[in-house]
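Trainee: I've got a model open on my screen and I'd like to learn how to read it. Can we start with the sheet?

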Amino acid sequence: MRNPFVKNVANDIGLWALWATRNKKGRYNFHYRKVRPFSVVLKTEMFLDCSAFVAWCYRQAGAPDPYRMGYAGVGNTEWLLAKGQHIPVSKVRPGDVVVYAEGHKLSEQHAAIIVAKGTDPLTVSMGQEGDPSLVRVSQDGRTPTYLRFDTSLRWKPTPFPAP
(Lines give C-alpha, C1' and ligand atoms only; values in the text may rest on other atoms or scores of the structure.)
Protein backbone atom coordinates (compact mmCIF):
# COMPACT_ATOMS: atom_id res chain seq x y z
CA MET A 1 0.00 0.00 0.00
CA ARG A 2 1.26 3.47 -0.88
CA ASN A 3 2.20 5.75 2.01
CA PRO A 4 -0.33 8.65 1.98
CA PHE A 5 2.26 11.00 3.48
CA VAL A 6 4.73 10.55 0.60
CA LYS A 7 4.10 13.13 -2.09
CA ASN A 8 4.13 12.02 -5.72
CA VAL A 9 6.03 14.69 -7.62
CA ALA A 10 5.47 13.47 -11.21
CA ASN A 11 3.43 16.55 -12.13
CA ASP A 12 6.04 18.85 -10.53
CA ILE A 13 8.70 17.41 -12.85
CA GLY A 14 6.62 18.54 -15.83
CA LEU A 15 6.06 21.94 -14.22
CA TRP A 16 9.80 22.47 -13.81
CA ALA A 17 10.34 21.54 -17.46
CA LEU A 18 7.67 24.09 -18.45
CA TRP A 19 9.26 26.65 -16.14
CA ALA A 20 12.53 26.18 -18.03
CA THR A 21 10.83 26.97 -21.37
CA ARG A 22 9.41 30.19 -19.96
CA ASN A 23 12.63 31.30 -18.28
CA LYS A 24 15.25 30.18 -20.78
CA LYS A 25 16.25 33.72 -21.64
CA GLY A 26 15.31 35.38 -18.39
CA ARG A 27 17.24 35.42 -15.17
CA TYR A 28 18.51 31.88 -15.84
CA ASN A 29 19.91 31.04 -19.26
CA PHE A 30 19.85 27.41 -20.42
CA HIS A 31 22.50 26.34 -22.93
CA TYR A 32 22.83 22.98 -24.65
CA ARG A 33 26.20 21.40 -24.09
CA LYS A 34 27.30 17.79 -23.82
CA VAL A 35 28.67 18.12 -20.32
CA ARG A 36 28.58 16.13 -17.11
CA PRO A 37 27.72 16.55 -14.33
CA PHE A 38 24.59 18.63 -14.52
CA SER A 39 25.87 20.55 -11.49
CA VAL A 40 27.75 22.74 -13.96
CA VAL A 41 25.29 25.48 -13.09
CA LEU A 42 26.59 28.97 -12.57
CA LYS A 43 24.54 31.73 -10.97
CA THR A 44 22.66 32.51 -14.17
CA GLU A 45 23.97 30.03 -16.75
CA MET A 46 23.08 26.34 -17.07
CA PHE A 47 24.97 24.07 -19.45
CA LEU A 48 23.04 20.83 -19.93
CA ASP A 49 22.50 18.10 -22.48
CA CYS A 50 19.13 16.35 -22.90
CA SER A 51 19.64 13.67 -20.25
CA ALA A 52 21.14 16.16 -17.79
CA PHE A 53 18.05 18.33 -18.32
CA VAL A 54 15.86 15.33 -17.41
CA ALA A 55 17.86 14.81 -14.20
CA TRP A 56 17.74 18.55 -13.45
CA CYS A 57 13.92 18.58 -13.68
CA TYR A 58 13.71 15.57 -11.36
CA ARG A 59 16.08 17.19 -8.86
CA GLN A 60 14.22 20.51 -8.90
CA ALA A 61 10.93 18.71 -8.19
CA GLY A 62 12.47 16.71 -5.34
CA ALA A 63 12.07 13.39 -7.16
CA PRO A 64 14.68 10.65 -6.90
CA ASP A 65 17.48 10.68 -9.43
CA PRO A 66 16.25 8.77 -12.50
CA TYR A 67 19.75 7.30 -12.86
CA ARG A 68 19.61 6.02 -9.24
CA MET A 69 23.10 7.39 -8.70
CA GLY A 70 22.30 10.14 -6.20
CA TYR A 71 22.63 12.97 -8.72
CA ALA A 72 26.30 12.13 -9.13
CA GLY A 73 26.28 13.59 -12.63
CA VAL A 74 26.61 10.28 -14.42
CA GLY A 75 24.25 8.69 -16.88
CA ASN A 76 22.91 9.16 -20.36
CA THR A 77 19.91 8.16 -22.45
CA GLU A 78 20.99 4.50 -22.47
CA TRP A 79 21.02 4.56 -18.67
CA LEU A 80 17.51 6.01 -18.70
CA LEU A 81 16.40 3.14 -20.95
CA ALA A 82 18.03 0.60 -18.64
CA LYS A 83 16.65 2.01 -15.39
CA GLY A 84 13.16 3.18 -16.41
CA GLN A 85 9.93 1.20 -16.53
CA HIS A 86 8.80 0.97 -20.16
CA ILE A 87 5.17 2.08 -20.55
CA PRO A 88 2.75 2.39 -23.49
CA VAL A 89 1.79 5.83 -24.79
CA SER A 90 -1.72 5.28 -23.35
CA LYS A 91 -0.23 5.32 -19.82
CA VAL A 92 1.98 8.41 -20.29
CA ARG A 93 1.56 11.26 -17.80
CA PRO A 94 3.42 14.52 -17.06
CA GLY A 95 6.82 13.83 -15.54
CA ASP A 96 7.44 10.70 -17.61
CA VAL A 97 10.36 10.56 -20.01
CA VAL A 98 10.48 9.82 -23.73
CA VAL A 99 13.68 8.50 -25.27
CA TYR A 100 13.99 8.59 -29.02
CA ALA A 101 15.96 6.14 -31.18
CA GLU A 102 16.33 3.28 -28.69
CA GLY A 103 18.85 0.81 -30.04
CA HIS A 104 20.69 3.38 -32.14
CA LYS A 105 24.12 4.68 -31.23
CA LEU A 106 24.18 7.03 -28.26
CA SER A 107 24.84 10.16 -30.34
CA GLU A 108 21.53 9.56 -32.18
CA GLN A 109 19.45 9.12 -29.01
CA HIS A 110 17.55 11.91 -27.30
CA ALA A 111 15.54 12.29 -24.07
CA ALA A 112 12.73 14.71 -23.19
CA ILE A 113 10.22 15.28 -20.36
CA ILE A 114 6.50 14.68 -20.97
CA VAL A 115 4.42 17.71 -19.93
CA ALA A 116 1.01 16.79 -21.44
CA LYS A 117 -0.38 13.35 -22.20
CA GLY A 118 -2.34 12.16 -25.22
CA THR A 119 -1.76 10.11 -28.35
CA ASP A 120 0.92 12.64 -29.39
CA PRO A 121 2.33 13.81 -26.03
CA LEU A 122 3.77 17.28 -25.59
CA THR A 123 7.33 17.35 -24.28
CA VAL A 124 9.96 19.80 -23.20
CA SER A 125 13.06 19.01 -25.17
CA MET A 126 16.55 20.35 -24.51
CA GLY A 127 18.95 19.32 -27.19
CA GLN A 128 20.96 20.38 -30.14
CA GLU A 129 17.97 22.44 -31.24
CA GLY A 130 18.93 24.74 -28.39
CA ASP A 131 17.08 25.95 -25.33
CA PRO A 132 14.26 24.07 -23.61
CA SER A 133 11.38 24.03 -26.10
CA LEU A 134 7.88 22.60 -26.34
CA VAL A 135 7.85 19.79 -28.91
CA ARG A 136 5.26 17.14 -29.82
CA VAL A 137 6.60 13.58 -29.87
CA SER A 138 5.62 13.25 -33.56
CA GLN A 139 7.81 16.25 -34.45
CA ASP A 140 11.00 14.34 -33.65
CA GLY A 141 10.61 11.64 -36.30
CA ARG A 142 12.56 9.00 -34.38
CA THR A 143 10.86 6.05 -32.69
CA PRO A 144 9.80 7.01 -29.13
CA THR A 145 10.15 4.83 -26.04
CA TYR A 146 8.17 5.98 -23.01
CA LEU A 147 9.61 5.51 -19.53
CA ARG A 148 8.40 6.00 -15.99
CA PHE A 149 10.60 6.39 -12.95
CA ASP A 150 9.79 6.23 -9.25
CA THR A 151 8.64 9.72 -8.29
CA SER A 152 8.06 9.26 -4.57
CA LEU A 153 9.48 12.29 -2.79
CA ARG A 154 12.89 11.42 -1.36
CA TRP A 155 15.00 14.50 -1.99
CA LYS A 156 14.58 17.97 -0.63
CA PRO A 157 13.87 20.15 -3.67
CA THR A 158 16.67 22.52 -4.61
CA PRO A 159 15.96 26.14 -3.62
CA PHE A 160 15.07 27.88 -6.85
CA PRO A 161 12.35 30.22 -8.07
CA ALA A 162 8.92 28.63 -8.04
CA PRO A 163 7.66 27.30 -11.38
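Mentor: Strands of a sheet pair through backbone hydrogen bonds, either parallel or antiparallel. Here you have an open sheet of 6 strands, ordered β3-β8-β4-β5-β6-β7, and the pairing is antiparallel. Keep in mind that this is a predicted model.

Trainee: Which strands are the edge strands?

Mentor: Look for strands that pair on one side only: those are β3 (85–87) and β7 (130–136). While you're there, follow the twist, which averages 35 degrees from one strand to the next.

Trainee: How many bridges join β3 to β8?

Mentor: There are 3, and the two strands run antiparallel, with β8 covering residues 144–148. To find one on screen, go to Ile 87: its bridge partner in β8 is Tyr 146.

Trainee: And the helices? Where does α2 pack?

Mentor: Helix α2 (residues 50–61) packs on the sheet and touches β4 (97–100), β5, β6 and β7. Its direction makes about 40 degrees with that of β5. Helix α1 (residues 10–22) lies across β5 (110–116), β6 (122–127) and β7, and runs at about 105 degrees to β5.

Trainee: Let's do side chains. How many salt bridges does a search of the whole structure find?

Mentor: It finds 2. In one of them, the side chains of Asp 96 and Arg 148 meet at 2.8 Å, N to O. Asp 96 sits in the loop between β3 and β4 while Arg 148 is in strand β8, so the pair ties together parts 52 residues apart in sequence.

Trainee: Are those two residues buried or exposed?

Mentor: Check relative accessibility, where under 20% means buried. Asp 96 has 2%, so it counts as buried, and Arg 148, at 16%, counts as buried too.

Trainee: What about the salt bridge of Arg 142 and Asp 140?

Mentor: Those side chains meet at 2.7 Å, N to O. Arg 142 is partly exposed, with a relative accessible area of 32%, and Asp 140 counts as partly exposed at 24%.

Trainee: Now zoom out for me. What is the order of elements along the protein chain?

Mentor: From the N terminus on, read α-β-β-α-α-β-β-β-β-β-β. That's 3 helices and 8 strands. Of the 163 residues in the protein chain, 48% are buried.

How values were computed:
Residues numbered from 1 in each chain as written. Predicted model: local features only at pLDDT ≥ 70, side-chain atom pairs only at ≥ 80, totals over all residues. Heavy atoms only, no water. Pairing = 2+ DSSP bridges. Helix = DSSP H or I, 4+ residues; strand = E, 2+ residues; numbered from the N terminus. Axes fitted to C-alpha atoms, helices over the stretch in contact; angles between N-to-C directions. Contact = heavy atoms within 4.5 Å. Salt bridge = Lys/Arg side-chain N within 4 Å of Asp/Glu carboxyl O. Buried < 20%, exposed > 50% of the residue type's maximum accessible area, 1.4 Å probe, protein only.
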